[in-house]
Amino acid sequence: MPNFDAVIRNGTVADGSGGELRDADIGIVDGRIAAMGRIEGRGAEEIDARGMLVTPGFVDVHTHLDGQAAWDDRMAPVSWHGVTTAVMGNCGVGFAPARPSERERLIDLMEGVEDIPGVCLAEGLDWNWESFGEYMDVLDRRPRDIDICALLPHAPLRVFVMGERALNHEPSTEDDNAGMRRLTIEAMKAGALGFSTSRTAGHKTLAGKITPTLKASERELAAIASGMTEAGHGVLEVISDWDDPEAEFAMLRRVAQASGRRALVSVTERYHQPEVWKQVMAMARAASMDGIPMHSVVAPRPIGVLFGLEGTQNPFSGTKTYREIMHLPLDARVKAMRDPDIRRRIVSEDPLEFSTFALLPRLAPDKIFRFGSPPDYAPRPEHSVAAMAAQTGRSTADITYDLLLEEEGKALLFAPIVNYMHYTLDTCRAMLSDDNALFGLGDGGAHVGFITDSSFPSYLLAHWARDAGAFPLTDVVRRLSARNAHAIGLHDRGVLAPGMKADINVIDLDRLTLAKPYLVHDLPAGGTRLLQRAEGWKATFVSGQCTYRDGVEQAALPGRLVRGPQSAAA
């Protein structure tokens with residue numbers, strides 16, 4: 001009889017602690033690591049990891065899998081990039097608690113904020129819940145390829161308690177705050193990992209209604225945070241415009257300090273306030289040094305929109321003439337767009353007239369590029385649409401139009417909207433250099449038709465650790481695994497050691513390469529989403545069972561809902 005359920009042999013182990021690489025075998029029994037070192041016994045399943053990197057499974061602290069987790073057992077593309085645990089419910093949006101009368105509003109908000117088509121949500125969600133606890137029970141019934149954790153989102157909580165007054169941005173009363181506090185306690189006891197809120201005016205429905213949490217007072221946030229204190233656990237996740245960074249951060253610091261809750265704040269370089277990210281990260285470091293755990297959450301590359309005729313958006317989607325042909329199959333649409341009269345009309349029309357794409361006004365020709373294959377996440381300014389127009393004497397609209405028609409309409413354009421003001425990765429490198437920062441912001445499950453940043457873990461390893469050599473490989477692994485896991489209260493994973501949960505990646509680091517994103521139509525109601533794979537993923541294990549091998553999904557679905565924080569292995 002085999003001694004182990006599985007043995008991973010001859011690998012080069014980065015165990016998640018940040019310590020030196022070492023050669024070791026790993027033996028797995030009943031979903032836990034049973035032995036490490038040189039293993040003589042046999043496994044029912046064996047993987048030869050010679051020449052491969054072996055790491056803990058990665059923990060993604062910022063996703064929007066709320067809808068996908070309700071209808072799918074595969075959390076792709078998140079699960080294709082070594083993530084074995086993902087946190088959803090970020091940015092204050094989600095689907096519980098919710099009365100039947102509030103469901104449509106929550107769908108509208110998720111559609112506008114996270115760009116998940118409302119028709120897909122309406123088709124895919126069965127709404128067999130009202131309370132947050134009932135929602136967790138529904139999630140708990142479905143096996144998956146990864147573990148998921150849920151935050152209590154502020155928007156549905158506020159609407160549930162305040163009704164129309166929340167949607168009208170009215171201040172909460174003391175009774176409202178008491179109600180939200182009570183429901184927060186209930187949600188934490190049901191297994192919520194924490195609470196999330198949005199304080200950005202950019203989060204709105206397609207009709208332009210701003211998220212109901214935008215103007216929530218400090219007293220309201222403090223009441224909710226005190227509910228987590230009473231429950232005994234919970235992180236506070238925040239996204240903000242940082243229009244007054246010192247005042248905003250001071251308020252959040254007071255809430256975190258009074259409640260004793262760890263706070264995670266999203267940070268990006270925004271072009272209209274290019275220095276604010278430095279201020280916010282410095283204030284977070286200072287708070288942590290003062291004993292108030294507050295972490296910035298940062299991305300490893302520019303976050304950008306991918307435009308294409310196959311996707312849900314392109315720079316001409318809002319023009320009158322394009323809307324007349326947008327229903328056509330791709331080949332017929334490409335043929336129509338090559339007609340000189342249709343081209344003239346589309347190029348001359350106002351792209352904002354019928355646009356539902358909130359980000360479109362933020363896109364400028366000097367920040368739009370061919371994406372290429374393999375994808376180029378650091379394009380040079382001389383390759384921008386604006387530069388191409390200047391070189392040829394043509395309009396930027398003409399250039400953009402031609403680029404969209406390349407590859408018979410399958411070409412993608414890349415428009416970095418944050419973290420690329422100066423056309424270098426220097427800002428991202430500086431953010432990643434801050435050890436108080438957490439790696440995240442992949443937004444898995446969101447912006448499905450024009451952003452695919454779930455590949456961040458692959459990029460961190462391939463670019464920053466291997467190619468650029470900017471950060472030690474063992475530290476990148478630590479911050480993708482143990483660092484993120486422990487920051488959100490999961491101490492049973494993130495490190496490869498006997499007794500720990502057997503979430504494990506086997507990676508051919510030399511071959512690790514991001515592939516070009518592609519579009520599929522597999523969402524409920526036939527919705528479109530972007531997916532992106534990477535070469536070099538040899539195997540991924542969740543709770544000791546192999547979920548992916550050589551990029552191919554396996555039959556096992558060991559992933560489960562994680563309810564609340566988890567203790568370290570005995």
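Asparagine 177 counts as buried because its relative accessibility is 4%; buried means under 20% relative accessible area, exposed over 50% and partly exposed in between, with a 1.4 Å probe and protein chains only. The model is predicted, so local features need pLDDT of at least 70 and side-chain atom pairs count only at pLDDT 80 or more, while totals for chains, interfaces and linings use all residues. Residues are numbered from 1 along each chain as its sequence is written, and side-chain values use heavy atoms, with hydrogens and water left out.

**Asparagine 177**
- Asparagine 177 sits in helix H7 (residues 174–190); helices (H or I, at least four residues) and strands (E, at least two) are DSSP runs, numbered from the N terminus.
- Leaving aside residues up to four places away in sequence, asparagine 177 touches Ser172, Arg219, Glu220 and Ala223, where contact means heavy atoms within 4.5 Å.

**Helix H9**
- The buried residues of H9 include Phe249, Leu252 and Val255.
- Seen down the axis of H9, the buried residues fall within an arc of 155 degrees, so they line one face of the helix; the arc is that of the directions from the helix axis to the C-beta atoms.
- Glu246, Gln257 and Ala258 are exposed on the face of H9 turned away from its buried side.
- Among the elements that the buried residues of H9 pack against are helix H8 (218–231) and strand S10 (235–240).

**Open sheet**
- Three strands form an open, antiparallel sheet in the order S13-S15-S14; two strands pair if DSSP finds at least two bridges between them.
- Strand S13 (303–307) and strand S14 (369–370) are the edge strands, each pairing on one side only.
- Arginine 370 has leucine 413 in S15 as its bridge partner.
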